[in-house]
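The sequence and model come next.

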Amino acid sequence: MSLPSIRIRVSGEFACFTRPEAKVERFSYPVMTPSAARNILDAICWRPQMRWIVTSITVLKSIRLMSVLRNEVQSKVSPVAIKRWMRDATTFEPLVAGAGNGTDGTPRNTTLLRDVAYWIDAYPHVFTAKDTRREAERMAKAEPGESDLEAAIDNPPGKYLAMLERRVRKGQCFQRPYLGCREFAADFGLPREDDHPIEDSMEIGRMLYDIAFRDDGNRAAFFEAHLVNGVMDTRPEVVLAEEGRRQEVLQCSCKR
């Protein structure tokens, strides 16, 4: 049975979906990763009771790489510093990403993508009581199928699809979505009539699918990515063959 889905168009001047094997110098995948696509949808419309499942990513513009040298900050601003800034902005000292003495930055090469545009096809997976450990005891006491039926009635997938489409039409988002790095802001909207997938096909190789956030440590899931006539298939039942690994990733939301 086909699940109801939605297609969103995202684009930007620059993008960088860093390969994990590039330890020091950033080097981008040629195509957006499924985790980056999910994060874009989360930035537009996120709810704790569901998770966006990305089924495909379509490349709309030719893949173009460019290399830049930029200064990157090494440290992170602590929560204590943020609270101090909120109380009195005059006492806050920002991190300086310069390449000289007395700064917190270092110059690094970045091989990024330029002038990108994608279609993201996705559908909402609504969590049920059996997906959460905290409700395990309640599930044991409930009648068979009771909790699943309650979730299906109160949270139909179509509700979240309509919610996402409405927010996209209005240009609303919880935080500005970005293309791999926060400085590469993404524009989003509905597909255009003049959009067409590129005709390129390639073997991308091992790509990050997503990360399962666990109490005993985070675990990354990878898959063999293929671009066929501009379309990369990211259906979890296809790219994540191991059932246990697939469920571990799909039943996880880092914000739940």
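## Nonpolar core

The largest nonpolar core contains 54 residues, and those with the most contacts inside it are F17, M32, Y118, L164, L179 and M232. Two or more residues each come from β1 (6-15), α1 (34-44), β3 (50-59), β5 (105-126), α5 (157-170), β7 (202-212), β8 (219-228) and α7 (243-250). The largest contribution is that of β5, which supplies eight residues. The model is predicted.

With its neighbours within four places in sequence left aside, M32 is in contact with V10, F17, A37, I40, I57, Y118, I120, L179, M207 and M232.

## Aromatic pairs

There are three aromatic pairs in the structure. One of them joins F17 and Y118 in an edge-to-face arrangement, at 6.3 Å centre to centre and with 70° between the planes. F17 sits in the loop between β1 and β2 (26-27), while Y118 belongs to strand β5, so this pair ties together parts that are 101 residues apart in sequence. Both F17 and Y118 are buried.

Y209 and F223 also form a pair; their ring centres are 5.9 Å apart and their planes meet at 85°, so the pair counts as edge-to-face, because planes over 60 degrees apart are classed that way. Y209 is part of strand β7 and F223 is part of strand β8, so the pair ties together parts that are 14 residues apart in sequence. Y209 has a relative accessibility of 4% and therefore counts as buried. F223 is buried as well, at a relative accessible area of 3%.

## Surface

The protein chain has an accessible surface of about 14700 Å², and carbon and sulfur atoms account for 50% of that area. V77, I82, W85 and M86 make a nonpolar surface patch of about 410 Å².

I82 is found in helix α2, which spans residues 79-87.

## Chain as a whole

The protein chain has seven helices and nine strands. Of its 256 residues, 41% are buried. Among the contacts in the chain with a separation of 6 or more, 74% are between residues 24 or more positions apart.

Definitions and conventions:
Residues numbered from 1 in each chain as written. Predicted model: local features only at pLDDT ≥ 70, side-chain atom pairs only at ≥ 80, totals over all residues. Heavy atoms only, no water. Helix = DSSP H or I, 4+ residues; strand = E, 2+ residues; numbered from the N terminus. Buried < 20%, exposed > 50% of the residue type's maximum accessible area, 1.4 Å probe, protein only. Contact = heavy atoms within 4.5 Å. Areas by Shrake-Rupley, 256 points an atom, 1.4 Å probe, with all protein chains shown as cover. Patch = residues over 30% accessible without salt bridge, like charges linked within 9 Å, V, L, I, M, F, W, Y side chains within 5 Å. Salt bridge = Lys/Arg side-chain N within 4 Å of Asp/Glu carboxyl O. Core = buried A, V, L, I, M, F, W, Y, C linked by side-chain atoms within 4.5 Å. Phe/Tyr/Trp six-rings, centres within 6.5 Å; stacked < 30°, edge-to-face > 60°.
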